[in-house]
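Dear colleague,

I am handing over a structure that you have not worked with before. Please look through the sequence and the structure below, and then read on for what was found.

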Amino acid sequence: MHQVIEWLTGFDDKKIKELIDRRITFETFFTEAKLNQKAGNNWGNLRLSN
């Protein structure tokens, strides 16, 4: 999942941990993100498994 978040937002594992530790909101998360410009081109499905 971290790879998807990094691709979408540019946040690496260290930054994700920092954001979690800061207990930020979704609004702040996406305000601080630099969204991948190719993100709008992906219309596939994401499957998560245990």
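**Phenylalanines and one arginine**

Phenylalanine 30 is found in helix H3, which covers residues 26-32; please keep in mind throughout that this is a predicted model. With a relative accessible area of 41%, phenylalanine 30 is partly exposed, and together with Phe26 and Leu35 this residue makes a nonpolar surface patch of about 360 Å².

The rings are the next thing to look at, and the count comes to two aromatic pairs. One of them joins phenylalanine 11 and phenylalanine 29, whose rings are edge-to-face, at 5.1 Å centre to centre and with 75° between the planes. Phenylalanine 11 lies in the loop between helix H1 (2-9) and H2, whereas phenylalanine 29 lies in helix H3, so this pair ties together parts that are 18 residues apart in sequence. Both phenylalanine 11 and phenylalanine 29 are buried, and for phenylalanine 29 the relative accessible area is 17%. Phenylalanine 29 also pairs with phenylalanine 30, and this pair is edge-to-face because the planes stand at 85°, with the ring centres 4.9 Å apart.

Finally, I would draw your attention to arginine 23, which is found in the loop between helix H2 (13-22) and H3 and counts as exposed at 73% relative accessibility. Arginine 23 has a positive phi of about 55°, although it is not a glycine. Most residues other than glycine have a negative phi.

With kind regards

How values were computed: Residues are numbered from 1 along each chain as its sequence is written. This is a predicted model: local features need pLDDT of at least 70, side-chain atom pairs count only at pLDDT 80 or more; totals for chains, interfaces and linings use all residues. Side-chain values use heavy atoms; hydrogens and water are left out. Patches are made of residues with over 30% relative accessible area and no salt bridge: like charges are joined within 9 Å, nonpolar side chains (Val, Leu, Ile, Met, Phe, Trp, Tyr) within 5 Å. Accessible areas come from the Shrake-Rupley method with a 1.4 Å probe; for residues, only the protein chains shown count as cover. A salt bridge is a side-chain nitrogen of Lys or Arg within 4 Å of a carboxyl oxygen of Asp or Glu. Helices (H or I, at least four residues) and strands (E, at least two) are DSSP runs, numbered from the N terminus. Buried means under 20% relative accessible area, exposed over 50%, partly exposed in between (1.4 Å probe, protein chains only). Rings of Phe, Tyr and Trp (its six-membered ring) pair if their centres lie within 6.5 Å; planes under 30 degrees apart count as stacked, over 60 as edge-to-face and the rest as tilted.
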